[in-house]
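Please look over the following model with its sequence at hand.

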Amino acid sequence: MRSSKETGTTAAPPRSTNSRRVIGVVTVGRSDYSIYLPLLRTIEGTPNLKLRLLVSGAHLASEFGLSVRAIEADGFEISERIEMLVSSDTPEGAAKSIGLGVIGFAQALARDKPDILLLLGDRFEMLAAAVAALPLRIPLAHLHGGEITEGAIDNSIRHAITKMAHLHFVATEEYARRIVQMGEEPWRITVSGAPSLDTLRAFVPLEAKQLEQMIGLPLQPAPLLVTYHPVTLEYGQAAYQIEQLLAALDAIGLPVIFTAPNADPEGRLIATAIQHYVRQHANATFLKNLGTRAYFSLMQHASAMVGNSSSGIIEAASFHLPVVNIGNRQRGRLRPRNVLDVGHDAQAIIQAIRQAISPAFRAGLHDLNNPYGDGHAAERIVHVLRSVPLDSTLLVKRFWDLPGDTGRWQASPSDYAG
């Protein structure tokens, strides 16, 4: 949208004291790291930018696979490690983790302020970083705003970060329009596409034998790739929901590769149920941290993806991979036609999986285009990060009113009928 930028404000002195603009990037788990990866490499390869990586959340927890090791193996220098997760499976534990995160990020950011701090999505760990940066007057750049996930507290967190952010990099035009509706000035918004799709442009899958050795299962018959996270606005229902999913997988009988749930309330409950299933099924495995290349390689080999992960909505279309999306966690996101939505009932999940793995359904995806981007997001994002003036125009936000009469603003009981 980058168009009607206002001028005439007094410029503040540049924040950097050296010739390179410092871009801080917050990563809190394997899911955001895989999305960031092409962007991190592009920032590192840009002469007048310096990457400062702040690592927190599940990356630093052994029960979630210590995915910080993958960051180290990729050769990135870690500037700060911010411990914030308490060992809890409750909403209170998540709230306490946010508080610890605000303290930890405040200390880290006060030590060495980046010129711009980059945040992705909707995790509560990201919210902690945003809150810490706000009084320090650090401009925030936000990725994947404007999206909707009605079944999770992440939905509110994403919109809260949008209102704190000074730059917005969104996946689609629809999401850009939604951010304008939230009062954000259009010049702050760039329709970049999803950065994770950049990885797929040069993606070389692992050899089948190497992948089989990593996962400990044969790839024939083609397995189901299952990622199921807690639905945080449905706290207390996770035991039933995972029970129904596991019953459906048992009935289907295909090999199953589980990836770990997020560090959300009831995430540990889900992980325990999955591990119990794996112990009883020789054709199933549970992997805490696959790594980006192995995960995408599995998407290429899987018969279908099952669960409620955003990767089924955003990346799977690029592999023409059928997806069975369960429940409300991703409700509201733009759906490619490879996605089949279903409730939590085991019989409904069984029917959806059978449809997804049918030759006819798979054949119908041969010409599917991914609506989330063209694989050039990183260069669009970096162009803005390196060129946007670091002055008061960026830091002082003005509310963008929609022109004309926007219609009736007061809800009536009929709006909620049915």
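His-144 touches Ile-35, Leu-120, Gly-121, Arg-158, Phe-169, Ala-171, Ala-194, Pro-195 and Ile-314, leaving aside residues up to four places away in sequence, where contact means heavy atoms within 4.5 Å. This is a predicted model, in which local features need pLDDT of at least 70 and side-chain atom pairs count only at pLDDT 80 or more, while totals for chains, interfaces and linings use all residues. Residues are numbered from 1 along each chain as its sequence is written, and side-chain values use heavy atoms, with hydrogens and water left out.

**The loop residue**
- His-144 lies in the loop between S5 and H5, and His-144 is buried at a relative accessible area of 6% (buried means under 20% relative accessible area, with a 1.4 Å probe and protein chains only).
- The side chain of His-144 makes a polar contact with the side chain of Glu-147 at 2.6 Å.

**Helix H4**
- In helix H4 (residues 124-133), 9 of its 10 residues are buried, among them Phe-124, Glu-125 and Met-126.
- The buried residues of H4 pack against strands S1 (21-27), S4 (116-120) and S5 (140-143), as well as helices H1 (30-44), H3 (91-111) and H5 (154-164).

**Helices H9 and H13**
- Helix H9 (residues 238-252) and helix H13 (residues 346-356) pack at an angle of about 45 degrees, with their axes 8 Å apart.
- Residues of H9 including Gln-244, Leu-245 and Ile-252 meet residues of H13 including Ala-346, Ile-349 and Arg-354.
- By class, this contact of H9 with H13 has 10 nonpolar, 1 polar and 1 charged residues.

Note on methods:
Axes fitted to C-alpha atoms, helices over the stretch in contact; angles between N-to-C directions. Helix = DSSP H or I, 4+ residues; strand = E, 2+ residues; numbered from the N terminus. Nonpolar A, V, L, I, M, F, W, Y, C, P; charged D, E, K, R; others polar. Buried < 20%, exposed > 50% of the residue type's maximum accessible area, 1.4 Å probe, protein only. Polar contact = N/O pair within 3.5 Å; in protein donor to acceptor, adjacent residues only side chain to side chain.
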